[in-house]
Amino acid sequence: MIDLEHVLVVGALLFSIGLYVALSRRNAVGILMGIELMLNSVNLNLIGFARFVDSPRPIDGQVFTVFVITVAAAEAAVALALAVAVYRLRQSIDVDRLDTLKW
Amino acid sequence: MDDTAVVVAFWLLALLTLGSALMVAVVRDLVHAVLFLILSFVGVAGLYITLSADFVAVVQVLVYAGAISVLMLFAILLTPRSARDNAPVPYAAPIAALAGLVGAVVVFVALKTDWAKVEDDRFGSTAEAIGAALIDPFVLPFEVASLLLVVAMVGAIILVRPPEEGP
């Protein structure tokens, strides 16, 4: 029997791995990979709640997941376009070196 | 579906998802990282199927494993001279500690909370129910989402368009 806690533990582990990836990569595309992993873990939690938690409208969790996937797709398109545009300007998408606004 | 088979499939898919996510964190070349990321997305789609969310699983494969991964591959290939080797950051140990702390807190809260659970599997085929929910309670977010997609698409095209010659 799968239980809600099992799903939540898997989601929490996936979230912490995604957090580590997002914070430890220097390349902007690598950071985006970490963000996508975190969004995936959130979606997994939403699906788990929709499946296991008592609610008058149980399908809502899955609808939220569809919306999160939509927003993630839009965000990925804009972020990758930004990465390509920054690369054209600076020949680098190393976020440690994109510090023009810093001082 | 047979209950034991579902449980075994759930844990195997969880192992696949977490293992390939770990490989995304460990592997140095970004192209390899994207390939492991695709594997992780497919694993999450399988987890959705074991949680009786068939429509969302299909959307996950189409959008994440199909579209977003290809976008990432294109972005990596279009930025050829940027460093891809994930050069070590000086503060990797604090980051790992922070990520572990966040994961531990979420696991603790998930295990301590008394969830109002139901045991029975309420969903048959979910595509019809999701479509009805998108029309009845969620029609405004649905329209806003389509507007957001148009704006993001136009914005991405304008961002990567080559600069025009003077006015």
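Q: Which pattern does chain A follow when read along the sequence?
A: Chain A reads α-α-α along the sequence, in a model that is predicted. That's three helices and zero strands.

Q: What share of chain A is buried?
A: Of its 103 residues, 55% are buried. As for contacts within chain A, take those between residues at least 6 apart in sequence: 50% of them join residues at least 24 apart.

Q: And what does chain B look like, read the same way along the sequence?
A: Chain B goes α-α-α-α-α-α, with six helices and zero strands. Its radius of gyration is 21 Å, well over the 15 Å from the globule rule for 167 residues, so chain B is more spread out than a compact globule too. Its C-alpha trace spans about 65 × 45 × 30 Å along the principal axes.

Q: What percentage of chain B counts as buried?
A: For chain B that's 28% of the 167 residues. Among its contacts with a separation of 6 or more, 56% come from residues 24 or more positions apart.

Q: How do I describe two helices that pack together?
A: Two packed helices are described by the angle between their axes and the distance between the axes.

Q: Which residues make the contact between α2(A) and α3(A)?
A: On the α2(A) side you'll find, among them, A:Val29, A:Leu32, A:Leu39 and A:Phe49. The α3(A) side includes A:Phe64, A:Val68, A:Ala72 and A:Ala76. By class, the residues of this contact divide into 16 nonpolar, four polar and two charged.

Q: What about a pair with one helix from each chain, such as α3(A) and α5(B): at what angle do the axes cross?
A: Here the axes cross at roughly 75 degrees and come within 10 Å. Angles of 65 to 115 degrees count as roughly perpendicular, and α3(A) and α5(B) are therefore roughly perpendicular to each other. The contact is made by A:Asp60, A:Gln62, A:Val63 and A:Val66 of α3(A), with B:Thr126, B:Ile130, B:Ala133 and B:Leu134 of α5(B). That contact has five nonpolar, two polar and one charged residues.

Q: How many residues are in contact between chain A and chain B overall?
A: Counting each side, 74 residues of chain B are in contact with 64 residues of chain A. On the chain B side, the elements that give two or more residues are α1 (3-26), α2 (30-50), α3 (54-78), α4 (92-112), α5 (126-135) and α6 (139-160). That side has 57 nonpolar, twelve polar and five charged residues.

Q: Which residues touch the most other members of the largest nonpolar core?
A: In this core of 71 residues, they are A:Val29, A:Met33, A:Ala76, A:Leu80, B:Tyr48 and B:Met72. Elements giving two or more residues to the core are α1 (4-24), α2 and α3 of chain A, together with α1, α2, α3 and α6 of chain B. The largest share, 13 residues, comes from α2(A). For a look at one member, B:Met72 touches A:Val29, A:Leu32, A:Met33, A:Leu80 and B:Val34, leaving aside residues up to four places away in sequence.

Q: Is A:Leu19 buried or exposed?
A: Count its neighbours: a residue is buried if 20 or more other C-beta atoms lie within 10 Å of its own. A:Leu19 has 24 C-beta neighbours inside 10 Å, so A:Leu19 counts as buried. You'll find A:Leu19 in helix α1 of chain A. Not counting residues up to four places away in sequence, A:Leu19 touches A:Gly34, A:Met38, B:Ala99 and B:Val102.

Q: And B:Ala87, buried or exposed?
A: B:Ala87 counts as exposed, because it has 12 C-beta neighbours inside 10 Å. B:Ala87 lies in the loop between α3 and α4 of chain B.

Definitions and conventions:
Residues numbered from 1 in each chain as written. Chains lettered and ligands numbered in written order. Predicted model: local features only at pLDDT ≥ 70, side-chain atom pairs only at ≥ 80, totals over all residues. Contact = placed C-beta atoms within 7 Å. Helix = DSSP H or I, 4+ residues; strand = E, 2+ residues; numbered from the N terminus. Nonpolar A, V, L, I, M, F, W, Y, C, P; charged D, E, K, R; others polar. Core = buried A, V, L, I, M, F, W, Y, C linked by C-beta atoms within 7 Å. Axes fitted to C-alpha atoms, helices over the stretch in contact; angles between N-to-C directions. Parallel < 35°, antiparallel > 145°, perpendicular 65-115°, else oblique. Rg over C-alpha atoms; globule rule 2.2 N^0.38 Å.
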